[in-house]
Amino acid sequence: MSESQLLLATAASIAFLHTVLGPDHYLVFTMMGRARGWTLRRTLAVTFGCGVGHILSSVLLGVVGLVFGAELGALVRLEGERGDLAGWALLAVGLVYLAWGLRRAGQRRRHSHLHHHEGVAHAHEHDHHREHAHVHDARAGGSLAPWAIFVVFVLGPCEALIPLFMYPAARQSPSLVLWVALVFGLVTLLTMMASVAALFLGLRRFALPSLARWDHALAGGTIALCGGAITFLGL
């Protein structure tokens, strides 16, 4: 195996591990897709879009660093700061979404009212979500949560990509820099989408109707946990 082939194999391996060990790369999209009633196709499309933004932000930073002769240490520090910012942002988005999900679940709780009509009493059940369905449907359709996740993923760095970039650049091999970026990006995207598809189909198979009204709260909690894992555990 040549040195270039070894570097590309290393890029592919690191991209796979980087994705699998970062639950935010797949849990966020799976839970959001489930909560919002997305099809698998739409969930994968959102995953792909966020993944491309996630990768391109680090690629562009690496290219700018190479063009202007930035030192590896400075780029790594900048990626670390971006990672901290992305972690806090994901945690904040998750907590807001969790609070909204809990409120929405409370509005969907069924309860009964007793009515009297001409001396006859009767009770009926309803929930406030259906009573005001048009309000909540509009809110859900115009929610900023998916866009917020996209912005967070653009902020989030691929920390391992910068050192992989710098090595072939130091050897003055622009074509190898391009191949490293392509291999790393492709493996990252494929791993993200495969993980999301597997989890999405698994959760659909074992879905519990009794938990349906908690879907948004569970999605928000999962996003917040992923943000907390990045922020406090360095995942």
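User: How many helices and strands does the chain have?
Analyst: This is a predicted model, and from the N terminus on its elements run α-α-α-α-β-β-α-α-α-α-α-α. Counted by type, the chain has 10 helices and 2 strands.

User: What percentage of the residues of the chain count as buried?
Analyst: A residue counts as buried when its relative accessible area is under 20%. Applied to the 235 residues of the chain, this gives a buried share of 42%.

User: Are α1 and α9 roughly parallel or roughly antiparallel to each other?
Analyst: Helix α1, residues 3-20, packs with α9 at an angle of about 30°, and their axes are 8 Å apart. The crossing of these two helices is right-handed. Angles under 35 degrees count as roughly parallel, and α1 and α9 are therefore roughly parallel.

User: How many charged residues does the contact of α1 with α9 have?
Analyst: On the α1 side the residues that meet α9 include Leu7, Leu8, Ala11, Phe16 and His18, and on the α9 side they include Trp179, Val183, Phe184 and Met192. By class, this contact has 15 nonpolar and 5 polar residues, while the number of charged residues is none.

User: Is Thr191 buried or exposed?
Analyst: Thr191 is found in helix α9, which spans residues 174-205, and Thr191 is among the α9 residues that meet α1. Leaving aside neighbours within four places in sequence, Thr191 is in contact with Phe16, Thr19 and Val20. Because its relative accessibility is 8%, Thr191 counts as buried.

User: Which residues is Leu199 in contact with, leaving aside its neighbours within four places in sequence?
Analyst: Leu199 also lies in helix α9, and because its relative accessible area is 31%, Leu199 is partly exposed. Leu199 and Phe29 are 170 residues apart in sequence, while their C-alpha atoms are 9.8 Å apart in space. Leaving aside neighbours within four places in sequence, the residues in contact with Leu199 are Tyr26, Leu27 and Thr30.

User: What is the separation of the C-alpha atoms of Leu61 and Leu75?
Analyst: Leu61 has its place in helix α3, residues 40-67, and at 17% relative accessibility Leu61 counts as buried. Leaving aside neighbours within four places in sequence, Leu61 is in contact with Leu75, Leu78, Glu79 and Arg82. Leu61 and Leu75 are 14 residues apart along the chain, and their C-alpha atoms are separated by 8.0 Å.

User: Is α4 roughly parallel or roughly antiparallel to α10?
Analyst: Helix α4, residues 72-107, and helix α10, residues 215-233, pack at an angle of about 160° with their axes 7 Å apart. Because angles over 145 degrees count as roughly antiparallel, α4 is placed relative to α10 as roughly antiparallel.

User: How many nonpolar residues does the contact of α4 with α10 have?
Analyst: α4 passes α10 in a left-handed crossing. By class, the contact of these two helices has 10 polar residues and 1 charged residue, and the number of nonpolar residues is 15.

Terms used:
Residues are numbered from 1 along each chain as its sequence is written. This is a predicted model: local features need pLDDT of at least 70, side-chain atom pairs count only at pLDDT 80 or more; totals for chains, interfaces and linings use all residues. Side-chain values use heavy atoms; hydrogens and water are left out. Helices (H or I, at least four residues) and strands (E, at least two) are DSSP runs, numbered from the N terminus. Buried means under 20% relative accessible area, exposed over 50%, partly exposed in between (1.4 Å probe, protein chains only). Contact means heavy atoms within 4.5 Å. Axes are lines fitted to C-alpha atoms, for helices over the stretch in contact, and angles run from 0 to 180 degrees between N-to-C directions. Angles under 35 degrees count as roughly parallel, over 145 as roughly antiparallel, 65 to 115 as roughly perpendicular and the rest as oblique. A crossing is left-handed if the near helix is turned anticlockwise from the far one by less than a right angle, and right-handed if clockwise. Ala, Val, Leu, Ile, Met, Phe, Trp, Tyr, Cys and Pro count as nonpolar, Asp, Glu, Lys and Arg as charged, and the others, Gly among them, as polar.
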